[in-house]
Structures are given as C-alpha cells and as structure tokens.
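Thanks for coming. I will go through one model this morning, starting with its strands and ending with a helix.

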Amino acid sequence: MTGIASKLTDFAAGITAIDVDYVRPRLAASHLVIDGGRAAFVDTGTTHSVPNLLAALAEKDVDPAEVDWVLATHVHLDHAGGAGALMRLLPNARCAVHPRGARHLAEPSKLIAGSIAVYGEERYRSLYGDIVPIDESRMFVPEDGATIQLGGRELELIHTPGHALHHYCIVDREHSVIFSGDTFGLSYRDLDVDGREFIFPTTTPVHFDPEALCNSVDRLMSYTPQAIYLTHYAEVRDLNRLAREMKTRVRAFADLGRRYAAAPDRAGKLRNGMFAMMSIWLDEHGFPRDDSERHRLLDDDIDLNCQGIEFWLDRK
Ligand SMILES: [Zn+2]
C-alpha cells in the first residue's frame, strides 16, 4: 500500500479512521463517516492534516460538496486546529462546535495563545501552523442532546465535561457506536498486547475535572455502545473493562496530584510519579519492560497530563 490507503483503517457502519500525521503514526485520527452518499468528519487533526482528509475523500469517491458536517468534539488544536482550513474546501459543510468552544473557532487568538503557553512558540508552529477562523454563520452550536442528520442516520451530540468544558461526544444509536474525542481517554494501537487494548486518561490543561470525567464515561456507557472511536486512536471494543480502568485511572491521577500538591518540585515529582504509575499498569497489561520505548510512547502525554493536574490543583 502506498499513499493515503496506508493511512486509512475501515470499520463497520461506514466509518474510516484517517491517520492525520500528528507527531507520530497512529497517534491522532480523524474519523470519516459516510452514509447514503453524504459524509462527516469527526475531528480534523491540524491544518497540516487537511491534505490527508481530502485524499481520504477522493479514495472513498466522495466529493467535497457531499460533506455535510465537520464535527469538532472539542477545540483543542489536535482535534479542531484544521477545521477552519478544511471548512474552506467543503462548500456545503457546517461545523458543529460546543457552545463554550464556538467563539474560539470563530476568533482563534485565545486558543493560539493558550496552546503556545502549553507547547512553547517553536513547537506550536511546527505542530499547528496557521489556524483559519470559521465564519459563525457556518457553525452549528449544539445544546446537550441535540440531534443532526447524516444521510440516513441520526447522530446525537451530548455534552461531556471532564477533559474539557467545550467537549461533546457523538452517539450513533442505530449502529451502537460513539465517537468520544478525548472523553474516553487514549488507547494507542502501539500499546496493544495481543490485540488487548490499553487505556489511560488525558488530563490536558485547563479544564480537567476528575468527577465530571468519570460521570461522562458513565454517561457514554449508559448507551451500551458496541464500539467507541477515540481520536487517539480509533476503535476500541472491550468497553466494560476499559470504562472501569478509565475511572480507576482518572482517580489515580487525581490522587497523585493530591499527594504532591504542596511538594517542592511538584512538576518533577508528578512526572516521575505518573511514569511509575503507568509502568505498573503496563506491566499488568503485559507490555514489554522497555523503559526507552515506554518513554517514547508516553512522555508527551505525561507532560500534558501533569500540566493539567497542576491547573486542577491550583483551581481547587
Ligand atoms: Zn483534548
């Protein structure tokens, strides 16, 4: 396989995961959903990801004019950074964005400043490039439980705070699937052991709220989905176990924060503590005991997660 075909993974119900080439292979996906000749993207990656999204449409014989929706689960830039650039190429699409996120996509300056604060100027530039604003007349701003139509199917958009206050998830009741953005955590395929999935929470700044996140996981599970599609990365199916582990691990991260809340070098202690904690989970999971490989796969998330826990501690 060459070109875009090697970056696509097809699932049931007209769902395809597209590798958006963010940081490393199979770290971030956009999901393309096709129904009755109409299409939606769930999350977009960054502005740099847009060529992959268009190539995926071409590969699936979908015209850009047949895309009805760009569904930005939340406005973090690895999910919605490319939404504005993409919208310019999709003449009939509307962009669905949470009421608390809409103004950030219409006028991205605060989003850009916030991301530079997290990543630093240089890394921000290479990761995200330019952020194109979206005209408010092309936005759909869903209240909790709003429904939209995609071809023959109905999608329900539910507000799921805990990772971000501007987060919603997309429920497809007919096909028993949910697109969870970051609400159901991260499950990299590189961490699978014999097809068994490994999951952990993402507590990125600035809205981490452990109880709200656990409640949102419960709410997703209340729909009894058969599969959940994560932006990081694609399909997971062992949902009862993963939901239980997600909630245990959200609480473990919060406990780690409380333990070091007043410690000198709090940031360093959190980072070391989180790596040690995740190493125990990976040992239990049967992942190879190779610290350099674990650091390669986890250090960026550990860094973001610890920053998010510090924001939460300072807010409390
Ligand atoms: Zn996020």
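Which residue in E6 does Leu71 stand opposite? Leu71 stands opposite Ala96.

Before I go on, some ground rules. This is a predicted model, in which local features need pLDDT of at least 70 and side-chain atom pairs count only at pLDDT 80 or more, while totals for chains, interfaces and linings use all residues. Residues are numbered from 1 along each chain as its sequence is written, and side-chain values use heavy atoms, with hydrogens and water left out. Helices (H or I, at least four residues) and strands (E, at least two) are DSSP runs, numbered from the N terminus. Two strands pair if DSSP finds at least two bridges between them.

Back to the strands. Strand E5, residues 67-71, and strand E6, residues 94-96, are parallel and share three bridges. They belong to an open sheet of seven strands in the order E1-E2-E3-E4-E5-E6-E7, where the pairing is mixed. At the edges are strand E1 (8-10) and strand E7 (139-140), each pairing on one side only. Helix H1, residues 50-59, lies across E1, strand E2 (15-19), strand E3 (29-35), strand E4 (38-42) and E5. H1 runs at about 145° to E2, with axes fitted to C-alpha atoms, for helices over the stretch in contact, and angles taken from 0 to 180 degrees between N-to-C directions.

Next, the rings. Rings of Phe, Tyr and Trp (its six-membered ring) pair if their centres lie within 6.5 Å; planes under 30 degrees apart are stacked, over 60 edge-to-face, and the rest tilted. That rule gives 10 aromatic pairs. One of them is Trp69 with Phe140: the ring centres are 5.7 Å apart and the planes meet at 65°, so the pair is edge-to-face. Trp69 is in strand E5 and Phe140 in strand E7, so the pair ties together parts 71 residues apart in sequence.

Are these two buried or exposed? Buried means under 20% relative accessible area, exposed over 50%, and partly exposed in between, with a 1.4 Å probe and protein chains only. Trp69 is buried at 5%, whereas Phe140 is partly exposed at 21%.

Tyr188 and Phe200 also make an edge-to-face pair, 6.1 Å centre to centre with 65° between the planes. Both residues sit in the loop between strand E11 (177-181) and helix H7 (210-221), 12 residues apart. Tyr188 is buried, with a relative accessibility of 2%, and Phe200 is buried at 0%. Arg24 lies over the face of Tyr188, 4.8 Å from the ring centre; the rule asks for NZ of Lys or CZ of Arg within 6 Å of the centre and within 35 degrees of the ring normal. Elsewhere, Tyr22, Tyr119, Tyr124 and Tyr128 form one aromatic cluster.

Now strand E12, residues 227-230. Ala227 and Tyr229 on one side, and Ile228 and Leu230 on the other, are all buried, which leaves both faces covered. E12 pairs with E11 in the parallel sense over four bridges, and Gly181 stands opposite Leu230. On its other pairing, E12 runs antiparallel to strand E13 (residues 234-236), joined by three bridges, with Tyr229 partnered by Glu235. E12 and E13 form a hairpin with three residues between them.

Last, helix H10, residues 291-315, which holds Glu310. Glu310 is buried, at 19% relative accessibility. Setting aside neighbours within four places in sequence, Glu310 contacts Arg266, Ala267 and Leu270, where contact means heavy atoms within 4.5 Å.
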